[in-house]
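Hi everyone, thanks for coming.

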Amino acid sequence: MNSWKFYNALFARVFMVIITLAFSLYLFGNGYLYSGILILVFAVLLCAEMYSYIKNKLIFYDKTILSILNNDFSANFPAAVKEGDYKNLCLLYDTLKQKQHDGSSKELIYRSIINNIDTAVLILEKENNDWNIFLMNDCFSSLFSVPKVTSWDYLKNYLPSLCNEIEKNGFNELKTSINIKIEQQEAQTFMLQTSLTKSFNKDYCIILLDSIQRVIEKKEKEAWINLMKIISHELMNSLTPIRSLSQNLLQIVDQDHLEPEDFEDIKSSISTIINRSDHLQFFVENYRKLAALPTPNKKPTAVHLLFEDCLKIMSPIFESENIEITNEIDKNQIISIDQNQIEQVIINLLTNSVFALKEKKHKSIKLTTTAQNNRFYITISDNGRGIENEIKDKIFLPFFTTRKDGAGIGLTLSKNSIEAHGGYLSHQTDNEQSGGRTHFTICFIQEGN
């Protein structure tokens, strides 16, 4: 509707100019010279007014479009303009203005999130064939004592080892460890991970850096917090009833006369206190086992003989539970271990497999060994119920157990013993399509091979 108003007004002005010129020519043709000149001047004035009208319209359009191109949305149009000839243009301007504000708000939130994560983040943007810094978060800037620059070449002066490693890889995807020296400090090891992405025909390289020392410290802190929660829970479970029963006993013995039922109460309370004290002592003894793991006394040991001893110990349980044992242990492999410690580890893992097979009709445990790249692997697998996703990260925590009669230190002790040997203990559960077996793997690093 507003566009038609503009066209109608323009058409009226053009029509008036044409009529005026035609009338002026008519007057000139009939000898009315002065009247013709007067009408011609009037026609010129109409042309000037029409030019001014069109120019004002175009200037407003040009200014508004130029503001949009420059992302300048600071103008506020009066209501008369928004409802007049420029209604659609003002609507476009306000729509883009709102989108820019929404985009700015989202960018502010994204930057705030990136600046608050505890990982050094650097995002590079490719322009032509050069890479420049698109974003550097606060963690990166403070960790490496680097100002928030935008030039890649400038950053190379601060962190040459990092920049050279990324350039050497051609700014492609990478996952590795790298030593970086920060100012006058000693070189630190970081986990470096880069990834590439494209948005609106622009290439971006996202660089993530995590200090291995900080990751270890964080994991240790989390482990200590979990351990303290468990210890606090166990202590309160024992101390609270002991305190309550002690107060009850004190009230009973303060009476002037004791009835026969009072003696029964005393007897029952003392029995409960003894039970809770035994439980607390059992808990503390288990904690001492974890804290006082002796240094392994390593000696060359034949792996198949070690397993033969373990299987002899466990054979009555296997027979009573109808568990099929598949023994594929290498009979020629000799490794340097503390036989007593590793024997206990194997018995712990076999015991866990027996427990996992309780509800199975066909029960099987498979023992295998493999050697590869100076590493020797022992795998104990079963077709039991597996490890639920919810507890996968908890099974090696001290005192965590899913068994009513379990102490929750078997896997923790096993893991600590293997790590004391310089190896590691890991687990994996196959999906149902792969047979649904659960594997516990012990890895030993073979020295001198």
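So, which helix gives the largest share of the nonpolar patch? Keep in mind that this is a predicted model. The answer is helix 2, with seven residues.

Okay, next stop: a pair of helices. In general, two packed helices are described by the angle between their axes and the distance between the axes. Here, helix 10 (residues 303-320) packs against helix 11 (residues 339-356) at about 35 degrees, and their axes are 10 Å apart. Their crossing is right-handed. On the helix 10 side, the contact residues include Leu306, Phe307 and Met314, while helix 11 brings in Ile342, Ile346 and Leu350, among others. Sorting the residues of this contact gives 13 nonpolar, two polar and two charged.

Last one: salt bridges. The structure has 10 of them. In one, lysine 202 pairs with glutamate 125, and the closest N and O atoms are 3.0 Å apart. Lysine 202 is in strand 5 and glutamate 125 is in strand 1, so this pair ties together parts that are 77 residues apart in sequence.

That's my tour, thanks!

Methods. Residues numbered from 1 in each chain as written. Predicted model: local features only at pLDDT ≥ 70, side-chain atom pairs only at ≥ 80, totals over all residues. Heavy atoms only, no water. Axes fitted to C-alpha atoms, helices over the stretch in contact; angles between N-to-C directions. Helix = DSSP H or I, 4+ residues; strand = E, 2+ residues; numbered from the N terminus. Left-handed = near helix turned anticlockwise from the far one by under 90°. Contact = heavy atoms within 4.5 Å. Nonpolar A, V, L, I, M, F, W, Y, C, P; charged D, E, K, R; others polar. Salt bridge = Lys/Arg side-chain N within 4 Å of Asp/Glu carboxyl O.
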